[in-house]
Amino acid sequence: MAELSSSPAQAVVWDDVSKVYPGGHQAVRGVSLSVARGEILALLGTSGSGKTTLLKMVNALMEPSSGRVVVRDRCTTEWDPIALRRSIGYVIQEGGLMPHLSVLDNVALAARVQGRPLREQHSLAASRLELVGLDPARFGRLFPRQLSGGQRQRVGVARALAASSDLILMDEPFGALDPITRRELQDEFRRLQRRLKTTVVLVTHDLREACRLGDRLALLHEGELVQEGPAATFLQNPADPYVREFFLDAAAVDLPSKD
Amino acid sequence: MPRDWLDLLSSEWWSLLGATAAHLELVVEAVTLAVLVGVPLGILAARRPLLERTAVGASGVLQTVPSLALLGFLLIAFRGQIGKAPALAALVLYALLPIVKNTILGLQSSDPGVREAAIALGMTGWQRLRLVELPLAVPIVLGGVRVATVASVGMATIAAAIGARGLGSYIFRGVALSDTRLILLGSVPSALLALGCDAALGEAERLLDPARPRNSRRRGWIAAMAVGLLLAFAAWGWLLDHPMGGSNRLTITIGSKDGSEMILLGYMLADLVEAHTPIGVDRRFNLGGTLVCYNALRLGGLDAYVEYTGTALTTILKERVQTDPQAVLERVRTELKDRDHVVCLDPFGFENTFAILMRRDQAQRLGIRKISDLLAHKRDIRPGFGPEFMNRPDGYPGLVGAYGLEFAHAPREMDRNLLYRALTQESIDLAAGDSTDGRIAAFDLLQLDDDRRYFPPYQAVPLVRAETLQRFPELREVLNLLAGKIDAAAMRQMNREVDQEGKKPEEVAHGFLRRKGLLLKD
């Protein structure tokens, strides 16, 4: 196999990846990008920019039409998709919780699908709930519909961490929350991620969220990677007029609420 | 009247309860089988569009088959077995559609976010089904089970036409004997049963719905108890059908067609067999018509029943009408023996023929006494006939040919046993009945003279399987004990007692045998 452009320091690498949907729509055009171990990469862009498509290639929910995606030094096509998914946490809006399972069972599900013993499933779930600030004794027996939006989101994160504290994919995880709760959760998540040194790929259209959480940002526009790097470089050296526009628009909306 | 009701209810109480339990048991067994077949089929079909179309299409087509036609077909498919087996099969076939459909719907309608989360957790297809999709589909699947159960309660009444035990036998008997009380005695518990099943399953459905807040513990208990009670009741019905031990007694099955005369004669044959031989008799009376009875007899579901020679000639052998009763008997005897190994024993003595009937006052007003008198009134007369008469070559089609009687009003087709009442209530003016029917005298009807001798006189004879006679040679003599013993007047009198005076056919039959001294062993 030709030398991967990834070094052991890279958790995920997109290598000249494109995606054309069966209808002919091209969602991703020749994107090359990587995430280092322990960092948070924020995939930023408007809807339809291809950011979610890139994310779903990592846990093989989607396949690239050309190019390849490398996860932990192995191309996704070499992974058994089931094993790959079991080793990656996944958080979506509202958490994607199972409405028929209790909070504890929802978190334990990650261990359950791997066929681990029941005792281990539950102790793992309880410890992950504690990590996200939910008391397992109090919340464990509740059902998702009995929780607030913020609590549901915490459970979603706990479940992702139960699958893997090593690599987590998040798709607009805090999108459905009110601004105060969102900020609270973002800060807590940031602290947790630092502590666990979890690699995170975060999809968001919210510039402030990207800046607050992302070590590096990657701005996508109509399937192409426009610019990547730490937030500051986008302001100092915008790669093209679109970057400037995107940042100014976001800033204009955000200005009045800036603290 | 209320007194009358109480008497009937108290005398029928236990058998009514037993029939209700048997009814429920048939439904429970059918729905259970339909779930065992339908849910896996739905699971397989949910992810395969071609199979989905085939399964839903096929069960939809089954649903459109008229129930009596399906029962008739299954009776033959089950080699003439009378009673539960074909009835069960029919109920299962009808119950499949809502169960398969709802299983597919339940599996396909799960929330896309939940489905994606399940895949992203690394679940295998089987894990997704077992841990997520099936539990979430349970309320919808249960909804299908509920629809199937309620429909089966209704459908199971029709199964009485092929001799299945249950509430339908009351309804059919009530229709055959023109007894509204019996009809209500069958239909009210059946309606209550449907409502009860609907409520109990509805509660279970709510309890198992993950999207609803947990119900109180008490409510859960009530639902569980209601379902448990229904199941226990059904289990009792099953026990009634499967008595413990001592069932190695030799038995034969005697059936009868619908109508009081047929039921009376059925009881007589059964009583004679039990009085003169050690053989036990399983009585399956009031079955749905000639073809049900004859096919069951031919294929082995019945050992004997009473048939009219003319019906055997035209409906079973599909031969032309003949007017000489003796010739008809001989022809039927040889043909049935050669073709189907069915033995035709000796006639009871009375002759029965189709009788064209009118209300006496109307006939007198119009000056009608014989069938050919009708020709002058064929514009105004509103006829009504039973389905068998409408279709038999020796029935309506032949009558039109023989007399040139083309009525301006197309004949109304209704159950043979409802014709008499329809006639007295003036919803029709003319009907075809049986000449021995007790209701002719009771309702003051006039039998028009068959002046062109169109209707051949028919004799009632016991038909027995040749195989049964080989196994029990003594049966031939016993079943022939009634030969020549019942004349038309006696038959008419017995019919009248049952139809008009509301006496139980088994008692009237028994009384006749006793008076004739036929119950004593020599």
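Figure 1. Two strands count as paired if DSSP finds at least two bridges between them. In this predicted model, strand 4 of chain A and strand 5 (residues 74–75) of chain A are joined by 2 bridges. The two strands run antiparallel. One residue pair to find is A:Val71 with its bridge partner in strand 5, A:Arg74. Strands 4 and 5 of chain A form a hairpin, with 2 residues between them. Look at A:Arg72 in the turn: its phi is positive, at about 50 degrees.

Figure 2. A:Trp14 finds its bridge partner, A:Leu33, in strand 2 of chain A. When tracing side chains, recall that in a regular strand they alternate between the two faces of the sheet.

**Figure 3. Where the two domains of chain A touch.** Chain A is assigned two domains: domain 1 (8–87 + 169–253) and domain 2 (89–163). Their C-alpha centres lie 24 Å apart. How many residues of each domain take part in the contact? Domain 1 of chain A gives 16 residues, and domain 2 of chain A gives 16 residues. On the domain 1 side, strand 7 (167–171) and helix 7 (179–196) of chain A each supply at least two residues. Helix 7 of chain A has the largest share of that side, with 5 residues. By class, the side of domain 1 of chain A that touches domain 2 of chain A holds 9 nonpolar, 3 polar and 4 charged residues.

**Figure 4. Where chain A touches chain B.** Here 16 residues of chain A are in contact with 16 residues of chain B. On the chain A side, two or more residues each come from helix 2 (81–86), strand 6 (89–92) and helix 3 (103–112) of chain A. Helix 2 of chain A gives the most, with 3 residues. The side of chain A that touches chain B divides into 10 nonpolar, 3 polar and 3 charged residues. For the model, the scores are ipTM 0.88 and pTM 0.77.

**Figure 5. Helix 3 of chain B and its packing.** Helix 3 (residues 67–77) of chain B has buried residues: B:Leu70, B:Leu71, B:Gly72 and B:Leu75. What do they pack against? Their partners are helix 4 (84–108), helix 6 (125–158) and helix 11 (290–299) of chain B. Just after helix 3 of chain B comes B:Arg79, with a positive phi of about 55 degrees. Across chain B, buried residues make up 47% of the 522 residues.

**Figure 6. Domains 1 and 2 of chain B.** Three domains are assigned to chain B: domain 1 (2–241), domain 2 (251–345 + 466–515) and domain 3 (354–447). The C-alpha centres of domain 1 and domain 2 of chain B are separated by 36 Å. Their contact takes 19 residues from domain 1 of chain B and 22 residues from domain 2 of chain B. On the domain 1 side, helix 3 and helix 7 (168–176) of chain B give two or more residues. That side of domain 1 of chain B has 9 nonpolar, 7 polar and 3 charged residues.

**Figure 7. A glycine in a loop of chain B.** B:Gly502 is found in the loop between helix 21 (488–499) and helix 22 (505–515) of chain B. Why does B:Gly502 count as partly exposed? Because B:Gly502 has 14 C-beta neighbours inside 10 Å, and partly exposed lies between the cut-offs of 12 or fewer for exposed and 20 or more for buried. B:Gly502 and B:Leu93 are 409 residues apart in sequence. In space, the two are 38 Å apart, C-alpha to C-alpha. For chain B, the average pLDDT is 87, and 96% of the residues score at least 70.

Conventions. Residues numbered from 1 in each chain as written. Chains lettered and ligands numbered in written order. Predicted model: local features only at pLDDT ≥ 70, side-chain atom pairs only at ≥ 80, totals over all residues. Domains from an automatic or database assignment. Contact = placed C-beta atoms within 7 Å. Helix = DSSP H or I, 4+ residues; strand = E, 2+ residues; numbered from the N terminus. Nonpolar A, V, L, I, M, F, W, Y, C, P; charged D, E, K, R; others polar. pLDDT = per-residue confidence, 0-100.
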